[in-house]
Amino acid sequence: MKFPYRQEPSTPSAAHPTRTSVARPRIRIRLVHKDRFVDLLALVDSGADDSMFPLEVAEVLDLPLDPKNANRYGGIGSGHITAFFTEVTVDVGGIRFPL
């Protein structure tokens with residue numbers, strides 16, 4: 001599948017003082033669990049090992065979150081988040097697959 005990048009607003013910074021927009025690979029998806037679903041605009045990271053969504057998505061879908069299936073992630077700086085892994089179906093352009 002190929003999807004176009006979307007131009008999105010960006011705040012100028014010291015590194016890019018004149019930049020007011022940036023192109024990002026975002027696509028519309030639907031996450032499905034049993035009889036519930038949520039539509040999202042997702043950022044595509046084709047090199048990512050895992051897919052993550054806000055906790056509110058799990059609440060809307062009534063996903064089972066088991067602490068045994070948790071993992072801590074860190075990024076830039078000293079902060080960390082805890083992510084819970086569970087199965088969900090994703091619909092991209094009418095094509096569904098487990099995630």
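Is Asp91 buried or exposed? Asp91 counts as buried, because its relative accessibility is 16%, where buried means under 20% relative accessible area, exposed means over 50%, and partly exposed lies in between (1.4 Å probe, protein chains only).

Before we set off, a word on what you are looking at. This is a predicted model, in which local features need pLDDT of at least 70 and side-chain atom pairs count only at pLDDT 80 or more, while totals for chains, interfaces and linings use all residues. Residues are numbered from 1 along each chain as its sequence is written, and side-chain values use heavy atoms, with hydrogens and water left out.

Asp91 is found in strand 7; helices (H or I, at least four residues) and strands (E, at least two) are DSSP runs, numbered from the N terminus. Two strands are said to pair if DSSP finds at least two bridges between them. As a reminder, strands of a sheet pair through backbone hydrogen bonds, either parallel or antiparallel.

Now look at the two neighbours of strand 7. On strand 3, three bridges make an antiparallel pairing with strand 7, and Arg30 stands opposite Asp91. Strand 7 (residues 89-92) is also joined to strand 8 by four bridges, again running antiparallel, and there Asp91 stands opposite Arg96.

The side chains of Asp91 and Arg96 are also in touch. They form a salt bridge whose closest N and O atoms are 3.4 Å apart, a salt bridge being a side-chain nitrogen of Lys or Arg within 4 Å of a carboxyl oxygen of Asp or Glu. The pair is joined by a polar contact of 3.4 Å as well. A polar contact is a pair of N or O atoms within 3.5 Å; within protein, one must be able to donate a hydrogen and the other to accept it, and residues adjacent in sequence count only if both atoms are side-chain atoms. A polar atom of the Asp91 side chain also lies 3.0 Å from the backbone nitrogen of Gly94. In the hairpin of strand 7 and strand 8, two residues sit between the strands, and Gly93 takes a positive phi near 60 degrees.

How many salt bridges does the structure hold? There are four. Glu8 takes part in one with Arg24 (3.0 Å, N to O). Glu8 lies in strand 1 (residues 6-9) and Arg24 in strand 2 (residues 21-24), so this pair ties together parts that are 16 residues apart in sequence. Glu8 also meets Arg26 in a salt bridge (2.6 Å, N to O). Glu8 is buried, with a relative accessible area of 13%, whereas Arg24 counts as partly exposed at 29% and Arg26 as partly exposed at 21%. Salt bridges that share partners join Glu8, Arg24 and Arg26 into one network.

Next come the loops. Lys34 is in the loop between strand 3 (26-33) and strand 4, and has a positive phi of about 55 degrees although it is not a glycine. Lys34 is exposed, with a relative accessible area of 74%. Asp62, in the loop between helix 1 and strand 5 (70-74), also has a positive phi of about 55 degrees without being a glycine. Asp62 is exposed, with a relative accessible area of 51%.

Phe53 lies in the loop between strand 4 (36-43) and helix 1 (55-61), and counts as partly exposed at 31% relative accessibility. Together with Met1, Phe3, Ile95, Phe97 and Leu99, Phe53 makes a nonpolar surface patch of about 560 Å². Patches are made of residues with over 30% relative accessible area and no salt bridge, with like charges joined within 9 Å and nonpolar side chains (Val, Leu, Ile, Met, Phe, Trp, Tyr) within 5 Å.

Terms used
Accessible areas come from the Shrake-Rupley method with a 1.4 Å probe; for residues, only the protein chains shown count as cover.
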